[in-house]
Amino acid sequence: MNSIQFLAAIQKFATPLFTTSEAAAYLSISEHSAGKYLKALEDQQIVTRLKRGKWALTSGELDPLQIPDFLTAPKESYISLHSALFFHGVIEQIPSRIYAVTLDRSNVVKTLLGVISFHHCHPKFFAGFEYIKPYLKMASPEKALVDYFYFSPSKSRQFKTLPEIEIPKSFSWKKAHQYCQMIPSGRTRGLVFTRLTELS
């Protein structure tokens with residue numbers, strides 16, 4: 001097998017995101033050999049290393065919004081906050097990074113395909129998203145707004161001020177308040193409820 005044959009094989013994957021172990025298993029070769037082929041393709045800028053053992057096929061139909069959930073797997077993540085608000089047309093300004101809510105730890109990850117800002121939430125609050133395609137779960141506009149207020153007391157203070165927003169007619173304040181009730185912390189739930197009430 002050569003690099004061309006290896007590339008032809010990984011291009012058949014269901015998504016342009018894959019691990020070294022997945023490539024090795026699919027081709028019945030060792031992970032060491034798969035890693036050597038991937039390094040050669042990386043040098044040609046055909047694949048991008050996102051983190052140790054996780055890759056993106058840059059020549060494939062990659063949606064950068066798929067990257068957060070792939071990076072944290074097997075722990076889950078979904079797109080929210082600025083990214084989901086922009087996706088739903090609630091804000092006009094294009095976010096400078098991808099924002100995701102996760103069951104993994106809060107972190108900022110820089111990749112060649114963009115900067116991803118991960119924000120950890122309580123497992124009981126991990127809800128309110130729609131599965132769009134592999135590795136892409138998108139928060140509803142209601143959950144994205146509630147998430148914004150949920151993280152506003154954080155030490156980083158990056159969610160202290162809400163950008164200028166335009167609430168769509170389809171927005172459900174009832175759903176937003178239902179998500180607010182899912183917040184385990186009474187103090188945080190009260191703060192979010194207050195912010196929602198001020199808007200509605």
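A charge sits over a ring if NZ of Lys or CZ of Arg is within 6 Å of the ring centre and within 35 degrees of the ring normal. In this predicted model, Lys54 lies over the face of Phe70. The distance from the ring centre is 5.1 Å. Lys143 is placed over the face of Phe125, at 3.8 Å from the ring centre.

Phe125 also belongs to an aromatic cluster.

Across the whole structure, the search finds 14 aromatic pairs. In one case, the ring centres of Tyr78 and Phe126 are 5.0 Å apart. The planes of Tyr78 and Phe126 meet at 65 degrees, and over 60 counts as edge-to-face, so this pair is edge-to-face. Tyr78 lies in strand S4, residues 77-79. Phe126 lies in the loop between strand S7 (114-120) and strand S8 (129-133). The pair therefore ties together parts that are 48 residues apart in sequence. Tyr78 has a relative accessible area of 1% and is buried. Phe126, at 12%, is buried as well.

Tyr78 is also in contact with Phe129. Phe129 is found in strand S8. Its relative accessibility is 29%, so Phe129 counts as partly exposed. Beyond its neighbours within four places in sequence, Phe129 also touches Lys137, Met138, Ala139 and Ser140. Ala8 is 121 residues from Phe129 in sequence. In space, the two are 34 Å apart, C-alpha to C-alpha.

Methods
Residues are numbered from 1 along each chain as its sequence is written. This is a predicted model: local features need pLDDT of at least 70, side-chain atom pairs count only at pLDDT 80 or more; totals for chains, interfaces and linings use all residues. Side-chain values use heavy atoms; hydrogens and water are left out. Rings of Phe, Tyr and Trp (its six-membered ring) pair if their centres lie within 6.5 Å; planes under 30 degrees apart count as stacked, over 60 as edge-to-face and the rest as tilted. Helices (H or I, at least four residues) and strands (E, at least two) are DSSP runs, numbered from the N terminus. Buried means under 20% relative accessible area, exposed over 50%, partly exposed in between (1.4 Å probe, protein chains only). Contact means heavy atoms within 4.5 Å.
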